[in-house]
Amino acid sequence: MNGSPEWKATEAEPLPALPNTPRRQGGAGRGASIPRFLRMVGQGVVWCVQETAYWHRLFWYTSRRFLRAELLLALVGAAVFFGTIVAQDLVRDQRTMLDQSYLFFSVVMVLFAMNLIPKEREEETLEILWSQPINRNKMVVLQLLTLTLWTFLLSLLTITAFSQFMAYDEQYGFPMLLLLVTTAFAVGVITVLVSTFCRQGIATGLVTLLILGIHYFWLRQLGPIELFYNPLPLPEEVFRQSIGQSFGPKTPPTISYWANRIFVAVLVGFLLDYLFRRLRRTAEWFT
Amino acid sequence: MDVVCSHIRKVYPDGKEALSDVTFTLQTGLFGLLGPNGAGKTTLMEILTLLLEPTSGQLVVDGVDSRRDPMAIRRRLGYLPQFFGFFPELTAREFLEYLGVLRGLRGREKRGMVQDLIEKVRLTHVQNKRLKTFSGGMLRRVGIAQAMLGNPSLIIVDEPTAGLDPEERVNVRNLLFELGQERIVILSTHIVKDIEETCSRMALLLHGRICFDGTPTAFVSAAKGETWEFYGEPEEVELFRNQAGLVSVREDPQGVCFRIVAPTPPRPDAVRVRPNLEDAYVRFLQKEGAAA
């Protein structure tokens with residue numbers, strides 16, 4: 001009987017769905033939905049742990065591969081640059097400090113990111129990397145995040161260290177760092193995008209600096225997308241406010257602050273989309 | 001496990017047709033892909049490793065279409081490119097661990113596999129040295145180890161013995177032979193000896209087309225009865241050098257020995273000899289040259 005075709009056909013047919021079965025109805029019963037919810041949470045936690053572990057390894061390898069002399073150079077450069085401007089009393093308030101930090105950390109980010117793809121191309125490691133079962137977009141973004149994190153740590157260290165020597169008491173640490181980090185990430189994306197056109201890291205760096213220079217010196221007032229946006233108040237405003245109605249630090253204009261960052265995020269989104277499309281067409285690089 | 005390549009064609013943006021209608025099916029074993037420089041071997045390798053997209057045609061690995069799920073194929077794939085770049089600042093162990101992470105290996109599994117591979121390619125004594133201090137042969141072995149990470153069922157190696165000294169060449173060949181016992185290994189080379197020593201099946205790629213697909217024995221039989229040897233004077237070397245079908249010239253106590261592949265004896269005193277893979281290769285090149 002077991003070997004007969006009728007028996008096999010009966011076995012292969014799926015069982016009819018029972019009405020109001022909690023598992024099939026997407027959690028009609030509270031008792032059934034909780035395990036499913038917990039399962040989803042569990043899966044989410046496992047995913048987060050795996051992704052964190054992946055990024056953790058990638059973080060260290062990216063740091064070792066791309067930030068050896070560069071990190072040292074950035075540290076020495078930060079000490080010399082900020083030491084000089086503080087010693088010459090060129091930075092009297094956080095607004096000026098943010099302007100100078102934009103300049104310095106943009107250059108640092110370009111220095112960090114300019115070899116991300118050219119170095120792999122030059123050393124012919126790109127073929128091996130991209131034949132691995134990895135999403136190359138995700139990999140590039142995680143590498144960029146790694147470089148941004150280093151820039152953030154460096155800016156945190158520098159600003160904290162040099163704040164001690166400056167003659168201002170208003171504190172806009174958080175907005176300042178957020179502006180620096182988001183701008184650094186955007187600069188990193190621009191650098192990597194440029195590097196898909198230039199074969200060499202140095203050329204990538206120079207072209208990116210040229211683009212950023214044009215934006216910084218000429219085009220920043222033209223549109224809403226301003227990478228080097230500085231909402232911090234001028235010292236006179238702070239002074240006027242402190243002898244007026246309220247004491248304490250003046251808050252930066254919140255709406256324009258977030259609006260600017262949203263515009264920058266949109267710009268980064270477009271640039272990343274274009275970068276991903278460029279990365280899909282990298283096959284020609286190998287031949 | 002099988003690899004089905006059907007009617008693969010690749011035309012580059014500049015209009016150059018690198019591959020035209022390449023079709024073959026592979027099963028477990030070592031498959032040699034032979035062809036002169038510029039025949040389209042590297043293009044085919046890059047299509048098989050999904051680095052390049054074919055202009056038309058289909059690649060199916062273990063029932064998975066490359067266009068539908070490339071990631072699933074990459075998980076089954078190990079690749080050693082012709083120009084194997086390495087990360088000079090990493091040690092051999094770190095390099096393998098890094099690629100292990102990218103392949104999705106974690107924790108103990110990754111460490112165990114890296115250790116096994118280091119032992120397998122006999123690099124235990126230098127595993128903690130930086131790759132920039134390695135010789136060409138050692139780097140090739142690291143390359144083979146990375147291709148074996150994650151125990152892939154398809155390994156593709158492009159010119160693995162190019163630039164190696166004879167001892168390293170033998171080592172690499174033996175290693176590839178071992179790998180071919182339980183998985184598909186595609187060995188692309190222009191070195192005939194590599195195919196002769198290791199492969200149970202081979203194909204000849206000329207001008208982007210598969211001109212032969214079969215066993216090395218069947219390949220050799222193409223030059224049967226058409227391989228000749230004769231002794232001549234040293235002055236004749238220049239004369240025969242320009243003749244199509246000249247396989248080798250060697251000097252021994254009796255004089256200068258010429259080996260030539262030709263349908264008719266090149267000289268009345270020429271003796272018919274047993275052909276080898278190299279003779280058959282020259283015969284095919286000759287035929288294709290005439291056809292072109």
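How many bridges join strand S11 of chain B to strand S13 of chain B? The legend to View 1 has the count.

This is a predicted model, where local features need pLDDT of at least 70, side-chain atom pairs count only at pLDDT 80 or more, and totals for chains, interfaces and linings use all residues. Residues are numbered from 1 along each chain as its sequence is written, while chains are lettered from A and ligands numbered from 1 in the order written.

**View 1. An open sheet of four strands in chain B, ordered S12-S13-S11-S14 with antiparallel pairing.** Strands are DSSP runs of E, at least two residues, and helices are runs of H or I, at least four, numbered from the N terminus. Six bridges tie S11 (residues 227-232) to S13 (residues 255-261); a pair takes at least two DSSP bridges. Glu229(B) sits opposite Arg259(B) of S13(B). S12 (246-252) and S14 (271-272) are the edge strands, each with a single partner, so one side of each has no neighbour in the sheet.

**View 2. Helices H4 (94-113) and H8 (173-195) of chain A pack at about 30°, axes 9 Å apart.** That makes H4(A) roughly parallel to H8(A) (angles under 35 degrees). Axes are lines fitted to C-alpha atoms over the stretch in contact, with angles from 0 to 180 degrees between N-to-C directions. Among the contact residues are Leu98(A) and Phe105(A) of H4(A) and Leu180(A) and Val187(A) of H8(A).

**View 3. Chain B meets chain A, with 25 residues of chain B in contact with 20 of chain A.** Contact means C-beta atoms, placed from the backbone, within 7 Å. H3(B) gives the largest share of chain B's side, four residues.

Methods:
Angles under 35 degrees count as roughly parallel, over 145 as roughly antiparallel, 65 to 115 as roughly perpendicular and the rest as oblique. Two residues are in contact if their C-beta atoms, placed from the backbone, lie within 7 Å.
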